[in-house]
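Please look at the sequence and the structure shown here, and then read the briefing below beside them. The points are grouped by topic, so that each can be followed in the structure in turn.

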Amino acid sequence: MTTATDHHHGHTHRLDLADATVREWDATVLSSDPEQGIVLDRSAFYPGGGGQPPDEGVLLWGGVRTRIAGTRKGDELYLIPVEGDPLPPVGTAVRGALDDERRTQLMRTHSGLHVLTGVVFRDFGALVTGGNMEPLTARMDFDLAEVPADFKERIAESVNAEIARDRPIEVKTLPREEAFAIPDIIRTATNLLPPDIEEVRIVDIVGLDTQADGGTHVASTSMVGRVEVVKMENKGRGFRRLRIRIL
């Protein structure tokens, strides 16, 4: 899953990390370049990472609409406008707005994946080896040498039971040492946290799953909806891929 250390990237204050419910906000353009993109002082656009794709949306300014197709991460968070759309000049006051349906679906999907990884780890002790998501559909790969014949059905039943329990999903940032004192805080087979990170963002599905993560999530498991385990694939070397759909 994704990781993050603070609420800034370059000169942009990241509203998405502090409050995943923000959909509209005011900002000022810090730089505007047809090649690089647009940098804002404040942004709720999730830039992508850890399998969660970037947000889409618009910037509104002076009666003009600039559509945002995604984000490029470099020394700054560069918002990528749709080709041909006008660029707001540096210093322009803009109103940012996310595509609410897309973001909400991605939040439900990401939280659903955390329930899935929590159940698989709890019941089978398996770590994640990879994953990816789009709105309401996702895959997750696990290091699982052997599984029972009814594995797919058992996982689906357990995941939806946890969703129905309406467990709170809490996000907090902890100092590195305190975070790593939590058992099994890294749920991936490879630790993706850079060694120089001083603070770790934690996503806690209370009573089920606690892991380092930098993505956006719903406030409780009941908001995920229902998870359908569409397919299980054997990817060789003991790796199993689960494909899910959020209903």
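The helices α2 and α3 cross in a right-handed sense, in a model that is predicted. Their axes come within 9 Å and cross at roughly 120 degrees, and α2 and α3 are therefore oblique to each other. The points below begin with these helices and then turn to aromatic pairs, salt bridges and a few individual residues.

**Where the two helices meet**

- On the side of α2, the residues that meet α3 are Val 115, Leu 116, Val 119, Val 120, Arg 122, Asp 123 and Phe 124.
- On the side of α3, the residues in question are Phe 151, Arg 154, Ile 155, Ser 158, Val 159, Glu 162 and Ile 163.

**Aromatic pairs**

- A pair of aromatic rings is described by two values, the distance of the centres and the angle of the planes.
- The count of aromatic pairs in this model comes to two.
- In one of them, the ring centres of Trp 25 and Phe 45 are 5.5 Å apart and the planes stand at 80 degrees, which is over the 60 degrees that the term requires, so the pair is edge-to-face.
- This pair links distant parts of the chain, since Trp 25 is in strand β3 (residues 24-33), while Phe 45 is in the loop between β5 (42-43) and β6 (57-61), 20 residues apart.
- Trp 25 counts as buried because its relative accessibility is 3%, which is under the cut-off of 20%, and Phe 45, at 1%, counts as buried too.
- Phe 124 and Phe 151 also form an edge-to-face pair, with 5.0 Å from centre to centre and 75 degrees between the planes.
- This pair again links distant parts of the chain, with Phe 124 in helix α2 (residues 100-124) and Phe 151 in helix α3 (residues 151-164), 27 residues apart.
- Phe 124 is partly exposed, with a relative accessible area of 26%, whereas Phe 151 counts as buried at 1% relative accessibility.

**Salt bridges**

- Side chains of opposite charge can pair when their charged atoms come close.
- A search of the whole structure finds 17 salt bridges, including the pairs described in the next points.
- Asp 85 and Arg 67 meet through their side chains in a salt bridge, at 2.9 Å from N to O.
- Asp 85 lies in the loop between β8 (77-81) and β9 (93-98), and Arg 67 lies in strand β7 (residues 64-73), so this pair ties together parts that are 18 residues apart in sequence.
- Asp 85 counts as buried at 14% relative accessibility, while Arg 67 is partly exposed, with a relative accessible area of 35%.
- Arg 241 and Asp 141 form another salt bridge, in which the closest N and O atoms are 2.7 Å apart.
- Because Arg 241 lies in strand β16 (residues 239-246) and Asp 141 in strand β11 (residues 137-143), the pair ties together parts that are 100 residues apart in sequence.
- Arg 241 is buried, with a relative accessible area of 15%, and Asp 141 is buried as well, with 8%.
- The side chains of Asp 150 and Arg 154 form a salt bridge at 3.9 Å, from N to O, and Asp 150 counts as partly exposed at 36% relative accessibility, as does Arg 154 at 39%.

**Residues in loops**

- Gly 225 lies in the loop between β14 (209-212) and β15 (227-234), and it counts as partly exposed at 25% relative accessibility.
- The C-alpha atoms of Gly 225 and Leu 136 are separated by 9.9 Å, and these residues are 89 residues apart along the chain.
- If residues up to four places away in sequence are not counted, Gly 225 touches Arg 108, Asn 160, Ile 163 and Leu 247.
- Asp 166 is a residue other than glycine with a positive phi, near 55 degrees; Asp 166 is placed in the loop between α3 and β12 (169-175) and counts as partly exposed at 40% relative accessibility.
- Arg 237 likewise has a positive phi near 55 degrees, and Arg 237 lies in the loop between β15 and β16.
- Arg 237 is exposed because its relative accessible area is 77%, which is over the cut-off of 50%.

Definitions and conventions:
Residues numbered from 1 in each chain as written. Predicted model: local features only at pLDDT ≥ 70, side-chain atom pairs only at ≥ 80, totals over all residues. Heavy atoms only, no water. Phe/Tyr/Trp six-rings, centres within 6.5 Å; stacked < 30°, edge-to-face > 60°. Helix = DSSP H or I, 4+ residues; strand = E, 2+ residues; numbered from the N terminus. Buried < 20%, exposed > 50% of the residue type's maximum accessible area, 1.4 Å probe, protein only. Salt bridge = Lys/Arg side-chain N within 4 Å of Asp/Glu carboxyl O. Axes fitted to C-alpha atoms, helices over the stretch in contact; angles between N-to-C directions. Parallel < 35°, antiparallel > 145°, perpendicular 65-115°, else oblique. Left-handed = near helix turned anticlockwise from the far one by under 90°. Contact = heavy atoms within 4.5 Å.
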